[in-house]
Amino acid sequence: MHDRESSSLAHGEHPPHLQHHFSDEQQQLDSDKLGMWLFLVSEILLFGGLFCVYANYRAHHPEVFIYAHRYLDTTLGGINTVVLICSSFTMAWAVRAAQLGQRRALVTLLALTLLAGLTFLGIKSVEYEAKWKHGLLWGTHYRPVAEEPAAPGSASGGAAPTAAAPTPAPAPTPASVPAATGAQSSGAGQPLRQGGQWIVEHSLIPRAAQGPAGLASGLAASQPVEPGQIVEQPKNVQVFFAVYFAMTGLHAIHVIAGMVVIAIMLLLALRGRFDDGYYTPVDLTGLFWHLVDVIWIFLFPLLYLIR
Amino acid sequence: MSDTPIDVRNADGQAAGRAAPDNYLTHARGFRSWAFTLDHKRIGVMYLVSLLFFFFLGGMLAMLIRAELVEPGMQIVSKSRYNELFTLHGAIMIFLVVIPGIPVALGNFVLPLMLGARDVAFPKLNLASYYLYVAGALFMLAAIAFGGVDTGWTFYTPYSTTTNTNVVPVVFGVFILGFSSIFTGLNFIVTIHKLRPPGMNWFRMPLFLWSLYATAIIQVLATPVLGITLLLLIVERAFHIGIFDSALGGDPVLFQHFFWFYSHPAVYIMILPAMGVISEVIPTFSRKHIFGYGAIAASSIAIAVLSFLVWGHHMFVSGQSDLGNMIFSAFTFAVAIPSAVKVFNWLATMYKGSIALQTPMLYALSFLFLFGIGGMTGLFLATLSTDVHLHDTYFVVAHFHYVIMGGTMIAFFAGLHYWWPKMTGRMYSERLGALSAWLVFIGFNLTFFPQFVMGAHGMPRRYADYPAQFEPYHLLSSIGAFLMAAAFFLMAGYLLHALRRGRPAPPNPWGSATLEWQCASPPPYDNFAVTPQAGDPYDLERLRYDAARGWYDPDEDAKSAGGAGGAA
């Protein structure tokens, strides 16, 4: 039979992981990588839809985002960011270990990455639980709960406000943001509603270092808010939480998916399936994990660090 | 080129083929050998059978619609049932037939063969895509079985978040189908990048591959946006998240933006592969090299790029800003340019060619005619002032049926007839093929041309009933639809007959120069024993018609271009 370059590899002489329709390992590796990158592109566009939702609502209602982001716990979010960045580091190191054929290191590093993913989800669930407890949810489920019984002047304060129809009472002070007190607190009081206005409890909100400023024109942003001061709640705060849960929820699903794949890689590595000649699956898993990480790095400032 | 490898065509081709019938159909037998196959050809055939089944189902729904509209008043179904009918007709035809359509059924089969490759880059992913398709289809069928859905195939909010019909299963089905589409596109891009044979650079690729490539780019980039949109719609219905619900501060029009950000490019997912098929059929049956290869290839990519910039033309009356409307209108006009470039190149290919009016060519000519009308009427809709009048009338219905049915599906049938001998190893009756092509063409125009007229006179789309003044148009339209259905049954008849009784197909019945015609019909399991050397895919001159045996032989020089393993 006539011999041609690409067909010269007879059947049966393949390395075990080389599929029959590829002519050599390099072609298979290139194809796998290109395929994975295309998949990542489609993942980015999947999230891209949500980023467009975010951009749309933030552009039209900056006051909602500025008001509501303070209910998010920046400390926990920040820790999670660090955790994910570390996990990306261990993942990248794991790929390197696979490349060098260091099986023990590979197993350890994959396990560490998995642990980091678990930590991230654990912290995330603590945050979610707090939101759930405080009624800071989406849509009709947005029913902020007051923890402190009474604030000055709130006679009928107990009723959970349905934010779908807030009554925009004329506010004596412009909408403003508490900022000054500095201390981080996640579980402190919640604002009470009174005639469409909100009374800021003592340190109910995890504070940014300085007051939010700039984005929303007309907000006297630098002005610190004293406990008990009345601030107007913007309309449709629940939209922020809809966006928050949609984005972080989809991201969490991806973290879980990534952890499942890493767990599979861990099992395969324990069984010694990878060596310095063949480690493509670890490589591709790493790419996916980095994408999940990068998406969080965009989510964190967009949701937690609004000014 | 050096001496020849083994080639069944040179031995007494068919006899050898029959004696050693090791082709992809006979390579393994039994249900499992199909259900778990990784062979792109078998997966293509499974897609084809599924698609044709859903085409039948969607077509029957259309017949019910047309039967209801024969005369004013309600005769067959109730008004709410009518809403479910047109919704399911649209959803099945769009998501289960036309969007997957040519790439999954014909592309899966032909793409690796055209590349001289053994398979697509990711055969397991390919099979997974098929099962995702089946799963998505089952969700949609379940929605029919449990009471239907009445939102229209576009699932516009706020109606889709408030209606009591089964929106969630259908939407979830479409979500799954989206992933099937993404994985197919991904697979095709990688295959085209990495598995091209020696000698085939980008500008020696058959144009069908260019069109599949452009399509795949859109599939990978646009479909995820549909995915997240539908996911949000499901979450909206299930948990009232409020992103599309104005009562909760959301924005229903945002859904339209998202939906059309996918669904307008999806129109090009539908039409680009169709253009690719036409680019193969026309040179073959004109016995002439394609005219303007580079222009056709580049216009595919141009259409793919422009497709992302025109979604707003579905929303001219949805309260978009005037500036936005003007920009979207201008981009929409711009799409006409690459489309026209293709049409003119096809016409120039036929010019002074030796045109053979065989069935695939008849469908290709129908395509030119119908796509021409469909494309031109699109310009009326791209014009802001006329669109205000024509929006949501039968004019729109007629326009997109001319493009989707008259364009994509007609090209699908051109491709089906063109590659049928390769896929099945059997020839169909040329006379019945031509007859049905003519009947489809006449029936199609009778169905949809009156709809342009009544649309311009103000007949709104999606209405179950109408004033008596529209009766003649609706009657003509229904007669045309029934004629078209009869033509499709005729087609099903002779194709099924050909499966059993058809004349065995030679390797290259039409005299095409692309690589898939170099292996036996049907192709052996491994496609090519030796990776063939690719030449100019439209160098038809080197193929000589062998009147005694009734097929085309390459001349001596070209025989070395590669072999099929059938007799080996």
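Me: Is helix 9 of chain B mostly covered or mostly open, and how many of its 33 residues are buried?

Reply: A residue is called buried if 20 or more other C-beta atoms, placed from the backbone, lie within 10 Å of its own, exposed if 12 or fewer, and partly exposed in between. Helix 9 of chain B is mostly covered, with 28 of its 33 residues buried. Helices are DSSP runs of H or I, at least four residues, numbered from the N terminus. This is a predicted model: local features need pLDDT of at least 70, side-chain atom pairs count only at pLDDT 80 or more, and totals for chains, interfaces and linings use all residues. Residues are numbered from 1 along each chain as its sequence is written, while chains are lettered from A and ligands numbered from 1 in the order in which they are written.

Me: Where does helix 9 of chain B have a kink?

Reply: The bend at a residue is the angle between axes fitted to the seven residues ending there and the seven starting there. In helix 9 of chain B, a kink of about 30° lies at A222(B), shortly before the proline P224(B). After the helix comes H240(B), with a positive phi near 55°.

Me: How many residues of chain B are in contact with chain A?

Reply: Contact means that the C-beta atoms of two residues, placed from the backbone, lie within 7 Å. By that rule, 36 residues of chain B are in contact with 34 residues of chain A. Helix 9 of chain B gives the most to the side that touches chain A, with 8 residues.

Me: What is the average pLDDT of chain B?

Reply: pLDDT is the predictor's confidence in each residue, from 0 to 100. Chain B averages 90, and 94% of the residues score at least 70.

Conventions: Helices (H or I, at least four residues) and strands (E, at least two) are DSSP runs, numbered from the N terminus.
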